[in-house]
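Please read them with the structure open.

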Amino acid sequence: MITDKLPNSKVEIRYILYNLPKKDIDVKLTVNSKDIFETIKDDLNIEFKKIFIIDYYEDELQNLCFQVLNGKFVISLEECLPEDGKMVIGDLLTEEDKSIGKIEIFAQVTQYTNDYITLGFEGVDIDAKDLNGKSDPYFKIYKTSLNGGSNFVYQSKVIKKTLNPKWDLIYLPLSFFNNGDMFNQLSIHIYDWDKIGKHDLIGTVILDTNKLVKGEREFQIINLKKASKKGQHSGILKCYRFDIENKPTLQEYIVGGCDISLTFAIDCSSSNGEVSDSKSLHANVLGGSMSMYTEAILDIGGPVRSLTKHGIDALGFGAICPGETTISNCFPISLDKDHFEKEDEYDINNDIEDNISKLKMSEPTNFSDVIQFAIKKSTQVDNNQDNQKYFILVIFTDGLVSDIEETIKNVTASSSLPLSIIIVQIGKGSPSTWVKMERLKDYYLDKERLNQLNGNKSTRKILHLIHFAEYIPDQIFDKDIFDKIQYQLVEYFDCKKIKPNPPKQENIAPDVNSDSD
């Protein structure tokens with residue numbers, strides 16, 4: 001938790017674990033009594049699987065505790081900041097002072113700034129790497145660290161079968177993108193994605209933010225093997241969008257008194273599989289271990305819950321409740337009609353464990369009712385400078401959506417409300433419906449694009465889709481969620497010309513940055 005003050009700066013924490021006794025482990029980092037979790041599978045030597053961004057207060061003691069299996073390493077944040085940029089090396093010790101492995105920690109201070117960078121890249125005539133004469137290109141961005149190494153920043157999506165890809169816009173805090181240093185050298189590596197085997201390097205672009213500020217927009221993609229032959233390049237990387245703007249932060253709104261309300265909706269439909277079936281996405285909750293839903297609710301629920309001082313409204317949908325004969329697509333997961341709010345994500349999972357076998361899983365799988373639940377709450381507030389409220393709906397689903405067109409209409413119609421919607425796909429779902437959900441998200445990539453359904457215009461980007469299985473090993477899992485929520489919340493209040501209020505002495509706000517990467 002933090003008080004009403006803002007941090008002096010932010011610190012990026014990266015780590016390496018090696019010589020571990022087993023391959024599958026859980027890593028827990030505790031920062032000032034706040035826990036951050038990461039699961040690592042099939043690796044005895046673990047390098048930079050996650051980047052933690054921590055608020056740094058120069059006048060406070062901030063202890064870090066890395067716990068791996070039955071060993072741990074404790075160090076203060078200040079001790080992690082050597083002036084020469086070298087890593088801190090320590091032993092993971094058991095209670096008997098026996099080492100179970102080594103940990104290397106690298107911490108880097110980033111300049112505190114409210115500036116955000118928006119970038120859009122496209123490739124022009126890039127090299128073909130596949131037999132069909134095309135490539136499946138994506139790129140990774142790295143920035144230069146204090147010790148001269150490279151730190152991961154961003155990875156784009158893969159665009160299939162093209163030599164002229166146009167990737168989604170990037171929206172990142174400038175401090176994260178380049179440490180607030182316009183001359184920090186950035187390397188952009190463009191790859192051809194392959195389903196089997198190592199991805200092929202198409203080429204690399206070296207630049208810094210200052211070049212973009214000065215108006216440079218086209219950069220040769222260089223593959224050293226090809227370039228050594230008659231100086232050829234491997235295509236052009238073109239920047240089609242570049243903006244730097246100063247924006248208030250999510251944290252500033254919260255410490256100024258903005259109240260955040262959360263709603264979690266859990267898919268209980270038959271497409272998940274009966275809980276008694278070992279292949280069900282709800283399986284194992286009765287046996288005491290974690291189902292895919294349980295894991296997702298903990299991994300996502302923890303970071304999101306840190307935004308609020310309240311409990312969480314917990315809904316179920318897609319099942320017939322005890323004593324009923326028809327399907328309900330919006331019911332309290334507690335099965336108590338007067339009791340929607342739960343204390344936290346653990347309380348929600350306890351209710352799922354207690355009640356999932358009491359439900360008759362059914363179909364269809366409709367999102368509209370739970371979205372309407374969130375819309376009703378968000379339309380009951382009158383936001384102004386003195387009264388600031390915002391709502392977040394997180395839908396956990398297997399990915400099969402029956403009322404896709406109605407969902408699109410509801411999301412589009414609610415784009416002017418103080419609301420963000422996160423849809424977390426637990427299972428594989430139906431490829432055709434998920435393509436439609438991706439199409440829904442695409443409506444928001446260009447704010448000028450009209451949604452023709454009902455003639456409604458999407459005034460804001462309020463939807464974020466998460467494929468949970470893909471995010472488990474991702475380096476920026478928590479950060480991606482926070483960045484999207486921050487962008488949507490700030491955009492809403494900016495449209496209303498409502499600024500963050502000054503910090504209130506009596507206000508204690510959640511720490512929204514300590515695990516935001």
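1. In helix α7, the buried residues are Ser-368, Val-370, Ile-371, Phe-373, Ala-374, Ile-375, Lys-377 and Ser-378. Here buried means under 20% relative accessible area, exposed over 50%, and partly exposed in between, with a 1.4 Å probe and protein chains only. Helix α7 spans residues 368-378, and eight of its eleven residues are buried, so the helix is largely enclosed by the rest of the structure. Its buried residues pack against β18 (259-267), β19 (312-317), β24 (389-397), α8 (404-413) and β25 (419-425). Contact means heavy atoms within 4.5 Å.

2. On the basis of these notes: this is a predicted model, in which local features need pLDDT of at least 70 and side-chain atom pairs count only at pLDDT 80 or more, while totals for chains, interfaces and linings use all residues. Residues are numbered from 1 along each chain as its sequence is written, and side-chain values use heavy atoms, with hydrogens and water left out.

3. The protein chain holds eleven helices and 26 strands. Helices (H or I, at least four residues) and strands (E, at least two) are DSSP runs, numbered from the N terminus. Of the 517 residues in the protein chain, 56% are buried. Taking contacts between residues at least 6 apart in sequence, 72% join residues at least 24 apart.

4. Helices α5 (residues 292-305) and α6 (residues 345-355) pack with their axes 9 Å apart and at an angle of about 155°. Axes are lines fitted to C-alpha atoms, for helices over the stretch in contact, and angles run from 0 to 180 degrees between N-to-C directions. The two helices are therefore roughly antiparallel to each other; angles under 35 degrees count as roughly parallel, over 145 as roughly antiparallel, 65 to 115 as roughly perpendicular and the rest as oblique. The crossing of α5 and α6 is right-handed, that is, the near helix is turned clockwise from the far one by less than a right angle.

5. Which residues of α5 and α6 meet? From α5 come Thr-294, Ile-297, Leu-298, Gly-301, Gly-302 and Arg-305, and from α6 come Glu-345, Tyr-346, Ile-348, Asn-349 and Ile-352. The residues of this contact divide into five nonpolar, four polar and two charged. Ala, Val, Leu, Ile, Met, Phe, Trp, Tyr, Cys and Pro count as nonpolar, Asp, Glu, Lys and Arg as charged, and the others, Gly among them, as polar.

6. Asn-349 of helix α6 is buried, with a relative accessible area of 9%. Apart from neighbours within four places in sequence, Asn-349 is in contact with Thr-294, Ile-297 and Leu-298.

7. Two strands pair if DSSP finds at least two bridges between them. Strand β11 (residues 137-144) and β12 run antiparallel and are joined by five bridges; Tyr-142 has Phe-152 in β12 as its bridge partner.

8. Another open sheet has the order β13-β10-β17-β16, again with antiparallel pairing of its four strands. At its edges stand β13 (170-173) and β16 (218-220), each with a single partner strand, so one side of each is left without a neighbour in the sheet. The twist averages 30° from one strand to the next. Three bridges link β16 to the antiparallel strand β17 (residues 236-246), where Lys-238 is the bridge partner of Glu-218.
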